[in-house]
Amino acid sequence: MSALTAIHAITLAERLEDPRLFRQYAYIDGKWTHGHREEAVSNPATGEVLGHIPLLDANQITAAVDAAESAFVHWRALRADERCERLLAWYDLLQANREDLATIMTLEQGKPMPDARGEVEYGASFVRWFAEEGKRTYGETIPSHIPNASLGTLKEPVGIAALITPWNFPLAMITRKAAAALAAGCPVIVKPANETPFSALALAELAERAGIPKGIFNVVLGEPAEVSRILCAEPRIKALSFTGSTRVGRLLMEQSAGTVKRLSLELGGNAPFIVGPDMDPKEAAYAAVDAKFQTSGQDCLAANRILVHESIHDEFVEQFAERMAALTVGNGLESEVDLGPLIHRQAVEKASAIVDDAIARGATLVAGDQRQAPGENFFMPVLLTQVTPDMQVWREENFAPVAGITAYSDDDEVIELANDTEYGLAAYVYTHDIRRIWKLMRALEYGMVSVNSVKMTGPPVPFGGVKQSGLGREGGATGIDEYLETKYYCLGALGSVSGS
Ligand code: NAD
């Protein structure tokens, strides 16, 4: 038995302090639901089967909509502070079960345990944030232009929300949406990625314990294209919030046109990481390594194109390579592991193809020996230099631990290079020159620009992209608006004579 397999001889449930958090069902109307067929879910680090999920049929998906429709009546009628109490109870349970939730996540997604614990904290923080934001969904008073009338707006829940989420952040991408929707008074139907369903189902178990009523938080599973098609075509679902690839986002947008849904789309990124000539190459290189390799590069915020001023390029590359060489790759359950596996074999093949394409088009492979990979889903960190815009590693979100560096000569050139993509999620800028900071911040066509900081996300900020990186914002003061309608009212004075 290999070292990787030995770690997993124990079943997932046996690893948990509370084995009831491991559920192999869908969750509809407060009931754990079987399907007529099932699919295995594997640990990407070992290939071991962790468990099975049901593949629901169309009637079962519709049953989730029926349940949400019935439950909506009561949930929307609760006072905001009553919904807040339930959400805070959910938050407390997420915190209390952090270790089990992190274990489930590491086993199904592969990320190292410290990162998984960090994601539980991050995911829970949105629940607390939106629990409070729900109490601040203020309408407005509008100065009237109509004689004897009072004008204003009310905020009302949009209705049932379908939430379709990816495998790279199996917990936080759900809570960032669900907490906002629930706080606004909307029931949700969550469709997690089939690769990482168990985090979503553990969330459902804890939502039930927190007193969130049946029918308000549902988790459906099935063949992704089929489930999504049903959710998009369902007229009773009023909002669709999706996080995932731009390709699938476009498809869901088309499929939702027939029912004119409210859409929030958090799609792919192709983040530039710009290093100015005034930077200490070591400081910038260490930050770039952090921005590139989190979640093994499978992160929409990952630094995908590293643009370094020519005057410090060579030293930056040296420092980057040294720092990268210190990263350890392995099973996320082991201590001292920095990079877990990629999600599946196809991701490894895609990463290899991207590296081969870059080398064939003239890039230099500085480091990255795949013979050292500790298992078939692992990909050793790669460093490429002399990357150019004709290469896949430049044009596509590589979603792998592949770093590509390009030298530039002045600010205008780097702005043009950075904006040369259909994506517009996040950009990083490293410089201490205040004029350069303002120039780049204004010129970069991105929803988020982070200057001299790798960390940029969290509940108080509006997360989202421009161009083909998406629509809408999650988190922040406006995140709850994705699930609210504005109703305008005009209150005429009864008995008044028109025009008097
Ligand atoms: P994906 O688009 O393949 O899948 C996302 C979800 O859509 C999953 O639930 C999946 O089951 C479902 N899906 C897949 N194919 C479908 C189809 N044909 N029809 C309907 N639904 C389908 O994305 P992924 O590989 O799970 O995640 C990676 C992508 O997510 C990357 O592009 C990444 O940048 C993006 N992402 C964006 C953000 C953000 O906030 N902008 C955050 C995390 C991930």
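For my notes, buried means under 20% relative accessible area, exposed over 50%, and partly exposed in between (1.4 Å probe, protein chains only). The model is predicted, so I kept to the source's terms: local features need pLDDT of at least 70, side-chain atom pairs count only at pLDDT 80 or more, and totals for chains, interfaces and linings use all residues. Residues are numbered from 1 along each chain as its sequence is written, and side-chain values use heavy atoms, leaving out hydrogens and water.

**Salt bridges**

I took a salt bridge as a side-chain nitrogen of Lys or Arg within 4 Å of a carboxyl oxygen of Asp or Glu. That rule gives 32 salt bridges.

I looked up D369 and found it paired with R371, with the closest N and O atoms 3.1 Å apart. D369 is partly exposed at 27%, while R371 is exposed at 75%.

Next came D357 with R361, at 2.8 Å between the closest N and O atoms. Here D357 is buried at 12%, and R361 is partly exposed at 45%.

I then checked K439 with D412, where the closest N and O atoms are 2.9 Å apart. This pair links distant parts of the chain, 27 residues apart: K439 sits in helix α16 (residues 434–443) and D412 in helix α15 (residues 411–418). Helices here are DSSP runs of H or I, at least four residues, and strands are runs of E, at least two, numbered from the N terminus. K439 is partly exposed at 37%, as is D412 at 49%.

I also noted a salt-bridge network that links D18, R20, R23, E205 and R209.
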